[in-house]
Amino acid sequence: MAGRINDDDVKAVRDAVPIDAVVSEYLQLRNAGGGNLKGLCPFHDEKSPSFHVSPAKGLYHCFGCQEGGDTVDFVMKIDHLSFAETIERLASQAGITLRYEEGGYTPGRQQGERTRLVEAHKAAAQFYGEQLDSPEAEIARKFLAERGFDQAAAQHFGVGYSPAGWDHLTRFLRGRGFSDQELVLSGISQEGRRGPIDRFRGRLMWPIRDIAGEVVGFGARKLREDDNGPKYLNTPETPIYRKSQVLYGIDLAKKEIAKTSRAVVVEGYTDVMACHLAGITTAIATCGTAFGEGHIKILRRLLMDNSGSEVVFTFDGDAAGQKAALRAFEDDQKFAAETSIAITPGGMDPCDLRLAKGDQAVADLVESRTPLFEFALRHVVSRHNLDTTVGRAAALDEAAPIVANIKNSSIQHESAVQLAGMLGILDTQFVVRRVGQLARWARERGRDGGPGQGRPQRPGTAPAAAPQRPAPGTGGPALNLRSPAHRVERELLKLALQRPDLVSPAFDAYGADEFTAPPYAVVRQCIEDAGGASAGAADSGYVPRVREAAPDDTVRAMVTELAVEPLHTRREPDEAYAGVQLVAVRLAAVNQRVTEIRGTLQRLGPRADPEHLAAVQNELWVLQQYGQALRERGYGAL
């Protein structure tokens, strides 16, 4: 039976690892105001950032797909880990030694599957790295040296060597406590006639890391003629390695990609090394597969889809390279970034180019890039006979939609003029009008068409209206929780969670019945159960206690949402702003009660018991006076 992680250790891990530091490993975050950060949500595709992070509260929430939670929730969801695996990973990052209850901790038995596989890869990478210094690895060191990579470069990228024997690594990892089943599942070993043997033997090894920097697979290059395997051999698909979802070098390049808003996509491991050593530290590569949808999602979260971002593809100038470039162009419109292509001269890849002409030649290659749509246009036009009217018309029919899809309108216009010149059409405006018409049709299809084709939210605007929700536990009709009737209640709850110092102690005197939206009444009760806003004014554990007090996941998600959502004020919230919200909620509750009492008086009629009638009338008078005082004196009347 697996041991349970000590509760105090779990709390220590939660407190030790800042949520913004963890989230920044996966996407670029920018200032959202009010101490919050925002970025493109990693859990759904979006054009404008609606994913908000509150470092002060240790929470995140996406106003697009409603995903939210704390640091542990984020890591569990994005990396598909169990709770225990997540705590173990975060504890390792924070340098915290975990204690396990129910009989103590047994390494290899009580850790989650993913954690075990990642640790096996980490140990394997260390083993391969040490083997690169062995006499047998002379052929590997020579291979690196011939390509301009010294020992420091090999260490920087973690390059290693796999011994030529059958089971050197397998025996090493067994000695570290890993089972044969784990080694085969990880892809490090494979089944042999008499048990597991090493998958990689006698090869140069590159560790492949995910965006968080953990080794999840390997790329292996053949070194000897008697090796009958393929030139490059990669880790097979495993529970932690999906080649369509990893980019080699992303762990080293991600910060510079986010900083410069540029990514350079090359074709191989040595090309990434050459680019980085030449100063192009935004270079990354796919791992034995074409650049596709999963890779685009990784880059979009780092580039933030701003109009100034760029993705540069480098390909050989041969037929295969041109084919790869055109395949990349098919995905061009999935980026908000501009896409370009840099064709290497003489069929040389960046590694060969650096070796032949030096670091500057690699930098010049990237700077000599051409817009990818221009490359695609020239390819399309080259397939037609432009000496004939029919050929020019056919070329225009095929090329005009490419220009119409260009996102930047000024570039689109210039490219339409350029296309007319390429085709030899003297009536330039005819081509410009044709392109403009196709672009309008595409926009109209986007507005009226299928799923996900609506207008994107403008960057910097407030989050879109929250989805309508049924009242928790009522099964009643859906509520628009941002309607004018409920907006002020929402704002007061946000203040109570984000700035309890501004609304306490007055807020704690408010009853749940003063919140007319049932979901908000439940949140108000959670705040009370967590000790109230007064207790939270100087307590970092306040919001987590409110979340723990939630009766179900729906309410817990709403607490997270309210704790992260920006306040509706352009200035720093102060006591005056908080007072307005407090008065508005109390006045709305008073007015509602006045309406109810008037209805009661009408039902009682002239034959009502005089004593009861007087009591009701007196309550009405008191409430009316209180309402008048709230309107005239504001916060002072509370």
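Colleague: How do the axes of helix 16 and helix 17 cross, and within what distance do they come?

Modeller: This is a predicted model, where local features need pLDDT of at least 70, side-chain atom pairs count only at pLDDT 80 or more, and totals for chains, interfaces and linings use all residues. Residues are numbered from 1 along each chain as its sequence is written, and side-chain values use heavy atoms, with hydrogens and water left out. The axes of helix 16 (residues 372-381) and helix 17 (residues 389-404) come within 9 Å and cross at roughly 175°.

Colleague: Why is helix 16 called roughly antiparallel to helix 17?

Modeller: Angles under 35 degrees count as roughly parallel, over 145 as roughly antiparallel, 65 to 115 as roughly perpendicular and the rest as oblique. The crossing is at roughly 175°, so helix 16 is roughly antiparallel to helix 17.

Colleague: Which residues of helix 16 and helix 17 meet?

Modeller: Phe373, Leu377 and Val380 of helix 16 meet Glu398, Ala399, Ile402 and Val403 of helix 17, where contact means heavy atoms within 4.5 Å. These residues divide into 6 nonpolar, no polar and 1 charged.

Colleague: Why does Phe172 count as partly exposed?

Modeller: Buried means under 20% relative accessible area, exposed over 50%, and partly exposed in between (1.4 Å probe, protein chains only). Phe172 has 25% relative accessibility, so it counts as partly exposed. Phe172 is in helix 8 (residues 168-175) and touches Ala123 and Phe127, leaving aside residues up to four places away in sequence.

Colleague: How many aromatic pairs does a search of the whole structure find?

Modeller: The search finds 18 aromatic pairs. Rings of Phe, Tyr and Trp (its six-membered ring) pair if their centres lie within 6.5 Å; planes under 30 degrees apart count as stacked, over 60 as edge-to-face and the rest as tilted.

Colleague: What makes the pair of Tyr26 and Phe74 edge-to-face?

Modeller: The ring centres of Tyr26 and Phe74 are 5.7 Å apart and the planes are at 70°, so the pair is edge-to-face. Tyr26 is in the loop between helix 2 (19-23) and strand 2 (30-33) and Phe74 in helix 3 (residues 71-79), so the pair ties together parts 48 residues apart in sequence.

Colleague: Are Tyr26 and Phe74 buried or exposed?

Modeller: With a relative accessible area of 5%, Tyr26 is buried; Phe74, at 0%, is buried.

Colleague: What lies over the face of Phe43?

Modeller: Lys77 does, at 5.3 Å from the ring centre; the rule asks for NZ of Lys or CZ of Arg within 6 Å of the ring centre and within 35 degrees of the ring normal.

Technical notes: Axes are lines fitted to C-alpha atoms, for helices over the stretch in contact, and angles run from 0 to 180 degrees between N-to-C directions. Helices (H or I, at least four residues) and strands (E, at least two) are DSSP runs, numbered from the N terminus. Ala, Val, Leu, Ile, Met, Phe, Trp, Tyr, Cys and Pro count as nonpolar, Asp, Glu, Lys and Arg as charged, and the others, Gly among them, as polar.
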